[in-house]
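Look over the protein shown here. Follow the chain from one end to the other as you read.

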Amino acid sequence: MSWGPSARALYAERRRAKLCVQCGKPATGGVLCADHAAKNEQLRVKRYRARRAAGVCVTCESPTQGTAQCDWCLDARSFNPDRQARAS
Ligand SMILES: [Zn+2]
Ligand SMILES: [Zn+2]
């Protein structure tokens, strides 16, 4: 099946019906069934480990100083408007 307009419609329809967008089985939270959620998580962990092993940021693949994320991603994650307000 190719990702034409009909595939997109199917995706939207499954999302709306709370079915797994990959296979149409009941979704267990989010847009995926338990099987596909587990597969997705495995992929995520695999990619995380590969990036850690390569010594790059797990989010954007920039080189890091041995941390899981680069300075930029760490900053972006901890960013909040309050911090800006009390500039020290
Ligand atoms: Zn599924
Ligand atoms: Zn990064």
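Just past helix α1, Lys18 adopts a positive phi of about 60°. This is a predicted model: local features need pLDDT of at least 70, side-chain atom pairs count only at pLDDT 80 or more, and totals for chains, interfaces and linings use all residues. Residues are numbered from 1 along each chain as its sequence is written, while chains are lettered from A and ligands numbered from 1 in the order in which they are written.

The protein chain holds four helices and zero strands. Along the sequence the pattern reads α-α-α-α. Helices (H or I, at least four residues) and strands (E, at least two) are DSSP runs, numbered from the N terminus.

Helix α1 covers residues 5-16. Here is its length.

| Span of α1, first C-alpha to last | Value |
|---|---|
| In the model | 17 Å |

Of its twelve residues, zero are buried, so α1 lies largely in the open. Buried means that 20 or more other C-beta atoms, placed from the backbone, lie within 10 Å of the residue's own. Of the 88 residues of the protein chain, 7% are buried.

Thr64 sits in the loop between α2 (34-54) and α3 (71-78). Thr64 is buried, because 21 other C-beta atoms lie within 10 Å. Leaving aside neighbours within four places in sequence, Thr64 is in contact (C-beta atoms, placed from the backbone, within 7 Å) with Gly55, Val56, Cys57, Gln69 and Cys70. Thr64 and Ala54 are ten residues apart in sequence, and their C-alpha atoms are 9.8 Å apart.

Key
The expected span of a helix is 1.5 Å times one less than its number of residues. Two residues are in contact if their C-beta atoms, placed from the backbone, lie within 7 Å.
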